[in-house]
Structures are given as structure tokens and as C-alpha cells.
Amino acid sequence: MEIIQREFVYIWYYFTVQFEQIFVWWILGMAIGSAVSVFAKDAIHQIFRSLQDKEIGVLGIVAASALGIASPLCMYGTIPIAASFSRSGMKDDWLAAFMMSSILLNPQLIIYSAALGQIVLTVRVISCFLCGIAAGLLIRFVYGGRPFFCFDGFDEPKSRDTDPNLLLRYLKNLWRNMKATGIYFLFGILLSALFQRYVPANVMTALFGGNEALGVLMAATIGVPLYACGGGTIPLLQQWLLDGMSVGSAASFMLTGPSTKITNLGALKIVLGLRHFLLYIVFVMVFAFLTGLAVNGISIGFSL
């Protein structure tokens, strides 16, 4: 009994220390994410629609990837919106860039990721932005004018932010956000506390540290089963980075995690079909692996 109590004290200590470090970023992410969702979401999507009639070529893919990051919707919200874009004549390469970057990142997750430090935050934003562009370019030049998506049966979702009182509308959205992510946030901190207590730092360094290709590949691979919620993985990543995980491995994890989250895969399988779905998985894994290697290579260059 005494051993159990002692272990509980250790785990509680690690839990509270990390909670204090990350809690402010979680709250800030909730506040800003809800503000974007309530007050800026429609404007972001309208900007995307307004680009549709402009002859800007590849630049449209770049803009689409940026607007996908700015959009606060999850994948199940993004697909119906993308379906409405498609029905109005939006090109598949633009839609691919918008959807890819929207899967990977949103304003709320950007704020969460600030807890990982400026370098990791910058790597995450740039890599997600480039991943969206890469997806759009592949659709543009490999598939040309052939259709890639099938949005049959997807209707644009009805907004839940309808309260005429702006403050109440915002507070309701904030509460929904907190309920949706709070349990994952706390579970992520608990997992991080257990890692701190029972997994030696040298083990994490051996697995994901340095600049070895194997570490990047392993990080990309474990991102598939471990990722459940963006906020929930921040405590784990923070601890892994402290224990010796390379920034390249972290970048690889942050790309494969959200893009292979089970709820996202379920929605994507419907709009892609089996063949395109498998191509999507291959693209994500290859891009994450190459990005991790590139980030670690740049890190070596700066350290020399």
C-alpha cells in the first residue's frame, strides 16, 4: 500500500507540473479557436469562394492551403464545406490543398503548439502549409482534369452558432470546445506523467533522438495509433522533446497523427474511394518521413 501511495504522489507531481506549464496554452487555444469559429469562419470560407473565378493558377493552391489552416473546422466539418465548394465549381487541386492543411492544423492547434517552443511551432506551421501545397500540386499535375473526390451525399452543415446574442454565441461555442477537447487534454497529461515516471529519458533518446532516419520513421509510424486529439498530444510531445526526441521526429509525428486519426480516415474513405484513399495514406507517410529527415538535416546544418 505504501508503494502505491508513493507512486501516486510521483505521478501526481509530474501531472501537476505539466498541467501548470500547458494549461494556459489550452485555455488560450480554446478562446481564440472559438473566436475564429464564431466570428471569422464564414469570412474565411467566403474568401476561398471568391478566389474561384480568378485565374491565378498554382497560386490558388498556395492560398487554399493557407486558408485551410485558418479554417477552424474539424475534418467532419471540412468535408461538407468542401462538397459545397466542389458543387460551385472549385477545382480538385485547390480542394485537396484546403482539405489537407485543414486536417493537419487550425488556429486552435497553433496556439496549443506554442507550448512546444518557437522552433517546433514554426516547423509545424510550415510543414503543414507545405503538405497542403504538395497535395494540391500532386492532384493538379498527376490527375489533371480528372475528378479525384466524390462528395455525393454531403450537404453543407447547419451552423450551431446561431444565438442572436454575440457573447452567448461565443460562450456556447467555447463550452462545446472545452467539452470536446478537455478529456483528451487531461489524458495526454496523464500519459506524459506516466512516461516521465516509468520510461527513462535515454530510452526516448535512443528511439527518437539524434538525426537517424529510423527515429523519424518510428515517430511517423506511432503517430498513426497514438493520435486522438491535437490538444492531447501536446503534453506527450513536450515531454518527448525534453527526453531527447529530435525536432524532425516530432514534425513527422505531427503530420501523420492528425492525417491518420481514425475519425478523419473514416470521412476521407467515403470521399476518396479505396484506391485514392490508399494513395492518400502513402502520400502522408512519405511526406512525413521526408519532412522529418529535412528538418533534422537543417538542424544539423545550424548546429555545425
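Is S192 buried or exposed, and what is its relative accessibility? At 0% relative accessibility, S192 counts as buried, where buried means under 20% relative accessible area, exposed means over 50%, and partly exposed lies in between (1.4 Å probe, protein chains only).

The views below show a predicted model, in which local features need pLDDT of at least 70 and side-chain atom pairs count only at pLDDT 80 or more, while totals for chains, interfaces and linings use all residues. Residues are numbered from 1 along each chain as its sequence is written, and side-chain values use heavy atoms, with hydrogens and water left out.

**View 1. Confidence along the chain.** The pLDDT, which is the predictor's confidence in each residue on a scale from 0 to 100, averages 84 for the chain, and 91% of the residues score at least 70. Confidence is lowest in helix α8 (residues 201-208), where the mean is 70, and highest in helix α6 (residues 118-143), where it is 94. Helices (H or I, at least four residues) and strands (E, at least two) are DSSP runs, numbered from the N terminus.

View 2. S192 has its place in helix α7, and it counts as buried because its relative accessibility is 0%. Leaving aside neighbours within four places in sequence, S192 is in contact (heavy atoms within 4.5 Å) with Q18, P235, L236 and Q239.

**View 3. N173, another residue of helix α7.** N173 also lies in helix α7, and it counts as buried because its relative accessibility is 7%. When residues up to four places away in sequence are not counted, N173 touches S34, S37, V38 and D161.

**View 4. L194 and a nonpolar patch on the surface.** L194 is placed in helix α7, which spans residues 166-198, and with a relative accessible area of 31% this residue is partly exposed. Together with F187, L190 and Y198, L194 forms a nonpolar patch on the surface, and the four have about 360 Å² of accessible area together. Patches are made of residues with over 30% relative accessible area and no salt bridge, like charges being joined within 9 Å and nonpolar side chains (Val, Leu, Ile, Met, Phe, Trp, Tyr) within 5 Å; accessible areas come from the Shrake-Rupley method with a 1.4 Å probe, and for residues only the protein chains shown count as cover. Apart from its neighbours within four places in sequence, L194 is in contact with I11 and V199. L194 and F15 are 179 residues apart in sequence, and their C-alpha atoms are 8.5 Å apart in space.

**View 5. The largest nonpolar core.** A nonpolar core is a set of buried Ala, Val, Leu, Ile, Met, Phe, Trp, Tyr and Cys residues joined through side-chain atoms within 4.5 Å. The largest one here has 75 residues, and those with the most contacts inside it are F48, F149 and F151. Helix α12 (residues 262-303) gives the largest share of this core, with 11 residues. F48 touches A64, L67, F85, M90, W94, L95 and F98, not counting residues up to four places away in sequence.

View 6. V271 lies in helix α12 and, at 0% relative accessibility, counts as buried. The C-alpha atoms of V271 and F151 are separated by 5.6 Å, although the two residues are 120 residues apart along the chain. S299 is also found in helix α12, but S299 counts as partly exposed, at 33% relative accessibility. Between the C-alpha atoms of S299 and V247, which are 52 residues apart along the chain, the separation is 8.1 Å.

**View 7. The salt bridges.** Side chains of opposite charge can pair when their charged atoms come close. The structure holds 2 salt bridges, each being a side-chain nitrogen of Lys or Arg within 4 Å of a carboxyl oxygen of Asp or Glu. In one of them D93 pairs with R140, the closest N and O atoms being 3.0 Å apart. This pair links distant parts of the chain, with D93 in helix α4 (residues 92-104) and R140 in helix α6, 47 residues apart. D93 is buried, at 5% relative accessibility, whereas R140 is partly exposed, with a relative accessible area of 27%. E7 forms a salt bridge with R6, and here the closest N and O atoms are 3.9 Å apart. E7 is buried, with a relative accessible area of 14%, whereas R6 counts as partly exposed, at 43% relative accessibility.
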